[in-house]
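Q: Could you go through this model with me? I'd like to jump between topics as they come up.

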Amino acid sequence: MAFLDKLNDIAKNIGDKTSDAIETTKLMAKISSEKSAISDLTKKIGEYYCARRAAGETLEAEAEALYAQIVEHEHVIAQTRAEMDRVKAEGAAAAPAAAA
């Protein structure tokens with residue numbers, strides 16, 4: 001009977017560990033969900049300040065500096081799109097010559 005008791009204890013221990021792992025996974029998912037909500041709200045705060053600045057308001061110095069970085073990134077995007085258009089146009093112009 002000692003063998004069966006030992007086997008029963010092992011099975012119970014495995015069951016407890018499995019329950020703990022499931023509970024931990026649920027709690028980690030909840031933490032992840034809360035972090036995602038914080039991230040979404042932080043993004044909305046940023047969008048709010050960007051909209052205010054785009055409307056002509058002057059923001060605090062730190063926010064102005066961050067907004068200037070956004071403007072610079074937008075400038076790089078515009079330049080990159082223009083370069084992509086140029087490359088496509090050159091490719092399209094070269095394609096009929098290659099077909100001939």
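Q: Is K88 buried or exposed?
A: K88 is exposed, because its relative accessible area is 55%, where buried means under 20%, exposed over 50% and partly exposed in between, with a 1.4 Å probe and protein chains only. This is a predicted model, in which local features need pLDDT of at least 70 and side-chain atom pairs count only at pLDDT 80 or more, while totals for chains, interfaces and linings use all residues. Residues are numbered from 1 along each chain as its sequence is written, and side-chain values use heavy atoms, with hydrogens and water left out.

Q: Which helix is K88 in, and how far is K88 from D20 in space?
A: K88 is found in helix 2, helices being DSSP runs of H or I with at least four residues, numbered from the N terminus. From C-alpha to C-alpha, K88 and D20 lie 57 Å apart in space, and they are 68 residues apart in sequence.

Q: Which residue does R53 pair with?
A: R53 forms a salt bridge with E64, and their closest N and O atoms are 2.9 Å apart. This pair links distant parts of the chain, since R53 is in helix 1 and E64 in helix 2, 11 residues apart. R53 counts as partly exposed, because its relative accessible area is 27%.

Q: What does E57 pair with?
A: E57 forms a salt bridge with R52, with 2.9 Å between the closest N and O atoms, and E57 is partly exposed at 37% relative accessibility.

Q: Then where do E90 and R86 sit relative to each other?
A: They are four residues apart in helix 2, so about one helical turn separates E90 and R86. The closest N and O atoms of their salt bridge are 2.5 Å apart. E90 is partly exposed at 46% relative accessibility, and R86 is partly exposed at 38%. Through salt bridges that share partners, E83, R86 and E90 are joined into one network.

Q: New topic: what lines the largest pocket?
A: The lining consists of G46, Y49, C50, R53, L59, E60, A63, L66, Y67, Q69 and I70. On a 1 Å grid over the protein atoms alone, a pocket is an open set of points where a 1.4 Å probe fits, with protein on both sides within 12 Å along at least five of seven lines, and lining residues have an atom within 4 Å of a point.

Q: How does that lining divide by residue type, and which helix gives the largest share?
A: Seven of the lining residues are nonpolar, two polar and two charged, with Ala, Val, Leu, Ile, Met, Phe, Trp, Tyr, Cys and Pro counted as nonpolar, Asp, Glu, Lys and Arg as charged, and the others, Gly among them, as polar. Helix 2 provides the largest share, five residues, and helix 1 (2-54) and helix 2 (61-99) each supply at least two.

Note on methods. A salt bridge is a side-chain nitrogen of Lys or Arg within 4 Å of a carboxyl oxygen of Asp or Glu.
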